[in-house]
Amino acid sequence: RKLFTTPKNLPPGPRRWPIVGNLLQLTHLPHRDMAELCRKYGPLVYLKLGSVDAITTDDPATIREILLQQDEVFASRPRTLAAVHLAYGCSDVALAPLGPGWKRMRRICMENLLTSKRLDSFSAHRASEAQHLVQDVWARAQNGENVNLREVLGGFSMNNVTRMLLGKQYFGCGSAGPSEAMEFMHITHELFRLLGVIYLGDYLPFWRWVDPHGCEEKMRKVEKQVDDFHTKIIEEHRKEREKRKVSGQQHDGDGNMDFVDVLLSLPGEDGKEHMDDVEIKALIQDMIAAATDTSAVTNEWAMTEVIKHPHVLAKIQEELDVVVGPNRLVLESDLVHLNYLRCVVRETFRMHPAGPFLIPHESLQDTKIHGYDIPAKTRIFINTHGLGRNTNIWDNVEEFRPERHWPTDEIVNKIEISHGADFKILPFSAGKRKCPGAPLGVTLVLMALAQLFHCFDWKPPKGMKPHDIDTNEIYGMTMPKAHPLMAIAKPRLASHLYRSK
Ligand code: HEM
């Protein structure tokens, strides 16, 4: 067939081996390998991963071309085995291919779950979780313990998300109970891990039949556990609704409804009275996966960099002392005024983006970028980690310097924490697939950081200097720090503020 087809003018890239293509050139940190390839071959690089065509880029103009100019072509998702097993056959939002199914599920999210009105209705929950975070760290600080920031920040994100989605708190005084919390944590961790794995069976069809590490078997096991968990949650909610109906009790408005309640009350497709359980489960599953890990990972990185740079901590606290003062805790309404902290978050996203490759996109048809041929079904690795360290657009890329985001030429109203018109950072992506939870994500990140820096001084554990703290990462769907961040917290406000309800 090769003799009769016109050879494709593919983007430049490394030499490929038969069958495996470039798969063996990728290490356990593929975002770093791909950034290296962009340095060598240019802003757009072609790779053959087994039988799959792939391109990668860390260049703002090329990213804009893919996510905005050619959004229709590149906004689909590959049907990976993890997506099939762990996202209800790709019937969710995040891993669904572009099409009417994705469009409908995304609209349900945008119009019913992630509206500002709905998010506002959970502000009291968020305030109580912020208070709980402060009390938790305070208790640990009183005992002179090192604080495991991964644990406390993970608990904060998880509780916020599960209270909003499922009406349950998993950690702390009102929690659902230790065994249920452990079960939930275990399932979600395993799910994240499997979603992040580059599974060879997706690239080399024969590998799937051999599956020497039993990867697909593990996916099936987690698929079943997740489904049992969601079935239980839906049944509990149905029973509650039934009880309320029998006792004639009403929700006061829909302000008290968690996401499962909302989804149970929505009509289904084609005139059905209700949405299917599978659709509800897929959406809930998506929201838990998309919201918890991203915000917790970002917070741990921000804390890491700030504790490594004491002068940054001092500047954040200076701002907090002016905006909030020493006599109360931070409120959500303060967050828009914390511009230096907002620069810290932008700088964190530059150096440690939560999704190093966003969620991989896939092209729907043959197209061209910069004159090169891009075949249909090409997998797109937009390298946000490489973008933040691209020396063509950033100076001193390894230096954590929030000031670089402070505008020089205008009066600062509010520092935006998104990609910005120049596409130099891309924490929430852009175009059709951009993150629909960005406002909530930004609030969760800013709130946790503002509370922790306002209430406490932070130092590395005894015997360590700030610059000893490591910043190694682990690759996955999200990219956490390799080792949990431990630090010493010293309260800096009057003690009654830590105890108040
Ligand atoms: C700091 C927090 C967060 C970060 C950094 C983040 C980042 C991202 C990124 C990079 C994507 C992939 C976009 C693409 O593939 O082009 C994404 C997708 C998504 N995010 Fe977020 N996110 C965060 C919080 C949230 C929250 C709180 C929710 C919902 C409650 C959420 C829901 C989603 C969904 C549903 C998608 C899939 C969108 C689609 O495929 O159409 N995210 N997010």
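**Note on helix packing, the open sheet and the ligand shell**

1. In this predicted model, helix H7 passes helix H8 in a right-handed crossing. The axes of H7 (residues 123-142) and H8 (residues 149-166) come within 10 Å and cross at roughly 160 degrees. Since angles over 145 degrees count as roughly antiparallel, H7 and H8 are therefore roughly antiparallel to each other.

2. On the H7 side, the contact is made by His-125, Arg-126, Glu-129, Leu-133, Asp-136 and Val-137. H8 contributes Val-152, Phe-156, Asn-159, Asn-160, Arg-163 and Met-164. By class, the residues of this contact of H7 with H8 comprise five nonpolar, three polar and four charged.

3. From H13 the contact draws on Ala-291, Thr-294, Ser-295, Thr-298, Asn-299, Ala-302 and Met-303. From H17 it draws on Leu-440, Gly-441, Leu-444, Val-445, Ala-448, Leu-449 and Leu-452. The contact of H13 with H17 has nine nonpolar and five polar residues, and no charged residues.

4. Helix H5 (100-113), helix H13 (277-308) and helix H17 (438-455) each supply at least two residues of the shell around the ligand. H13 gives the most, with seven residues.

5. The ligand is surrounded by 26 residues, of which the closest are Ala-290, Ser-429, Cys-435, Gly-437 and Gly-441. Gly-441 is also listed among the H17 residues that make the contact with H13. Sorted by class, the shell around the ligand holds 15 nonpolar, seven polar and four charged residues.

6. Four strands form an open sheet with mixed pairing, in the order E1-E2-E7-E4. The edge strands are E1 (45-49) and E4 (361-362), each of which pairs on one side only.

7. Within this sheet, strand E2 (residues 52-57) and strand E7 (residues 379-382) pair in the parallel sense over four bridges. Ile-55 stands opposite Ile-380 in E7.

8. Helix H1 (residues 30-41) lies across E1, E2 and E7. Relative to E2, H1 runs at about 75 degrees.

Note on methods:
Residues are numbered from 1 along each chain as its sequence is written. This is a predicted model: local features need pLDDT of at least 70, side-chain atom pairs count only at pLDDT 80 or more; totals for chains, interfaces and linings use all residues. A residue is near a molecule or strand if its C-beta atom, placed from the backbone, lies within 6 Å of it. Ala, Val, Leu, Ile, Met, Phe, Trp, Tyr, Cys and Pro count as nonpolar, Asp, Glu, Lys and Arg as charged, and the others, Gly among them, as polar. Axes are lines fitted to C-alpha atoms, for helices over the stretch in contact, and angles run from 0 to 180 degrees between N-to-C directions. Angles under 35 degrees count as roughly parallel, over 145 as roughly antiparallel, 65 to 115 as roughly perpendicular and the rest as oblique. A crossing is left-handed if the near helix is turned anticlockwise from the far one by less than a right angle, and right-handed if clockwise. Two residues are in contact if their C-beta atoms, placed from the backbone, lie within 7 Å. Two strands pair if DSSP finds at least two bridges between them.
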